[in-house]
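I open this notebook to record what I looked up in the structure shown below. The entries take up helix packing, the sheets and the nonpolar cores in turn.

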Amino acid sequence: MPTPCPTPRKALRPTRRAALHALAAGAAATAAPSAFAQAAAPVRVGYAIARTGPWSVGAQTSQEPNYLLWAEQQNAAGGLDVKGRRRPIEFVASDDRSEIETCVRTYEKLMGSDKVDLVLPPWGSNANFAVAPLANRFQYPFLAPTALSRRLVEMKLPYFFLLLQQPKPMMEALVAMLKAAGARTVATIYVDDLFGLENYAALKVALQGSGMSLVEDKSYPLGVKDLGPVLRSIKDKAPDAFVGLTYPPDTILASRQSREIGFNPRFFYASVGTAFQLYRNVMQAGAEGVLGMGSWNSKRSAAAKAYFDAHVKKFGAQKEPDRWASGHAWAGLEILTAAVAKVGLDRKAIRDFVAAGTHPTAIGDVRFQGSENVGIPGGVGQWQKGEFEIVWPASRATATLVAPKPAWA
Amino acid sequence: VTPTVAWELLATGLVTGGVYALVALGLNLQYGLMRILNVAHGEFLMLGAFLTCSAHTALGVSPLAMMPVAFAALALLGFGIHRLTFRRLAATSPNVDVFEARGLMVAFGLMFLVQNAAQLIWGADLRGYDYLSDSLPIGGGVAFAANKLVLLAVALALAAALIVLLRTTLLGKGVRALMQSPVGAQLVGIDTRRLHPLVFGLGLGLAGVAGCLLSMTYTITPAMGEPYTVTALIVITLGGFGSMGGALFAGLALGVIEAFGMHFTSPSFKAVLSYAVFIAVLLWKPDGLFTRR
């Protein structure tokens, strides 16, 4: 049986530790008999990310582990390739305590006074919304792995790039899949913040003209502890599909309570967190057939498998990367690595490199139109026999859709 | 509303209300009886949840067996914390009001300390496990996860036990006397130096039990505590400080009102509903529903 709640773990520790890690790895690399690494000045990479507070769940699942893995891998290879010259990565990293103000202030310091060579983004739509204009002003390329907002795209910030698929492609993919599978009615609940509202709006637009009708839509607040009354009223309406535009704790809450009341629609979809290993650990056999936001798994490519294995090797079997944002975070680092190898640390040149080409990554070819990643289409994943398989679109599928969903186990 | 739906909502509300009442009992001992506004109450609940989760997933210990362990561990921690902080405060504060204000500051410190300690030990990940989650029908076409019914049963049993303890035993009378008049209590021979840490430890122990049970039904993180503290504060204010029956009634009533409210509006209005009830009751009965003078 998986053990989702291990005793004290050794993975991620506060700032100094992370920085020391990177430094130590860097030092080791420098000490190694490598002609390139000799006396190379470190590349200083700054970021602030949630290690405490409510954002830390997402940040420590999908984002910071990738930063640490990246630095370790690069330093083990002698350092980051800067136009052919290997230089060790040195992190200037701190906890933003899940506070926008702390986050903004830290990035202002990193870019304004510390003048680090590169920055990596914070976690979440809200923090990116606050920091993106700043990074743009200081002209730091900003490849955000965990921001989902149409408004961020509309701001047209030349230095800002969104790696995740946005609400419109995600909801269009879901609706297309439901339609193809013969669903007629949909009920939805959505968290009443930027993420939930934008996805809800995108879902409504996608449903128009699809032949499917929305029989129930209700919002709920962050930190909700009981969705029972809403789920019971949705159960009475017996929709073909349930769509939860939810965050990880609510994804699990909605699933548990649906199982509790015996609400088992033909399609059960929940958003952030469904692709987490935690979901499978908590729901066990009940995860079978549950749909969610996802875009890759280790079967996708050899590169995806290598990334998955390296992640598990570094952080342990209980910390698999999630099958959605983790892969996009890694893709962002791959693109940044390629950019620096090609054009060095000239930030304008990095920005142009990112904006222009098609970038092969572990999750597929990434290509930007403005700020938006249009290379990876919206996708739907489904838990099947312990793996989160990609079931839509067909071009990226790793398995075929299982429908209707089996009864909750 | 058909009778079936009404019964469903009533049952859902009672189960959720049981959670509220359970969380509130421990704080009620601390604030209601001792004027220690322990805003770190939710953090101690979180500790109980993490202890249970770790023991269950790493060692395979049943969460139900962890209930007394969590109680004892947190109660011991409570004695230690009381000795290190609140005992000194009680000795140096000129009156209860000053003690309350200083105690609040200490509790804030504890909140940060405990939360960050948990973060260091267990990390920030969301955690959870699957235990007693099978659906049990309770009649009328309504079913609940077994772990929630256990939670409700424990909340009812603990509230009943506390009511009996406080009303009928000498210890309970001593505790109540302590609340009514600390000086008077000492004059009639009540050993406040022993009673204080005991009640504080009992409060923390109850938080541990609540955390243990909640870890079966919800996912947990080091930051999970604060909303529970707020809920507990609302419940004990509604019920009347120090009244265990009041806390139980207020918790259950709040749960039921929210369930019906959410059905007719949306969960987004839950906070509005809770606070509307809170304000209305305080306007009507400023000392809470069950305060006895």
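Are H5(B) and H10(B) roughly parallel or roughly antiparallel to each other? I first note that this is a predicted model, in which local features need pLDDT of at least 70, side-chain atom pairs count only at pLDDT 80 or more, and totals for chains, interfaces and linings use all residues. Residues are numbered from 1 along each chain as its sequence is written, chains are lettered from A and ligands numbered from 1 in the order in which they are written, and side-chain values use heavy atoms, with hydrogens and water left out.

**Entry 1: a helix pair in chain B**

I looked up helix H5 (residues 146–168) and helix H10 (residues 244–264) of chain B, whose axes come within 8 Å and cross at roughly 155°. H5(B) and H10(B) are therefore roughly antiparallel to each other (angles over 145 degrees count as such). Helices are DSSP runs of H or I with at least four residues, strands are runs of E with at least two, and both are numbered from the N terminus. Axes are lines fitted to C-alpha atoms, for helices over the stretch in contact, and angles run from 0 to 180 degrees between N-to-C directions. On the H10(B) side, Met244(B), Gly245(B), Leu248(B) and Leu252(B) make the contact (heavy atoms within 4.5 Å).

**Entry 2: sheets in chain A**

I traced an open, mixed sheet of 7 strands in the order E9-E8-E10-E11-E12-E16-E17 (chain A); two strands pair if DSSP finds at least two bridges between them. Strands E9 (213–220) and E17 (387–392) of chain A each have a single partner strand, so one side of each is left without a neighbour in the sheet. The twist averages 25° from one strand to the next. Helix H6 (residues 167–180) of chain A packs on this sheet, and its direction makes about 80° with that of E17(A).

I also found an open parallel sheet of 3 strands, ordered E4-E1-E5 (chain A). Strand E1 (residues 43–49) of chain A pairs with E4(A) over 7 bridges, and Arg44(A) has Glu90(A) as its bridge partner in E4(A).

**Entry 3: nonpolar cores**

A nonpolar core is a set of buried Ala, Val, Leu, Ile, Met, Phe, Trp, Tyr and Cys residues joined through side-chain atoms within 4.5 Å; buried means under 20% relative accessible area (1.4 Å probe, protein chains only). The largest has 143 residues, of which Met171(A), Leu178(A) and Phe44(B) touch the most other members. Helix H1 (residues 3–34) of chain B gives the most to this core, with 14 residues.

Key. Buried means under 20% relative accessible area, exposed over 50%, partly exposed in between (1.4 Å probe, protein chains only). Angles under 35 degrees count as roughly parallel, over 145 as roughly antiparallel, 65 to 115 as roughly perpendicular and the rest as oblique.
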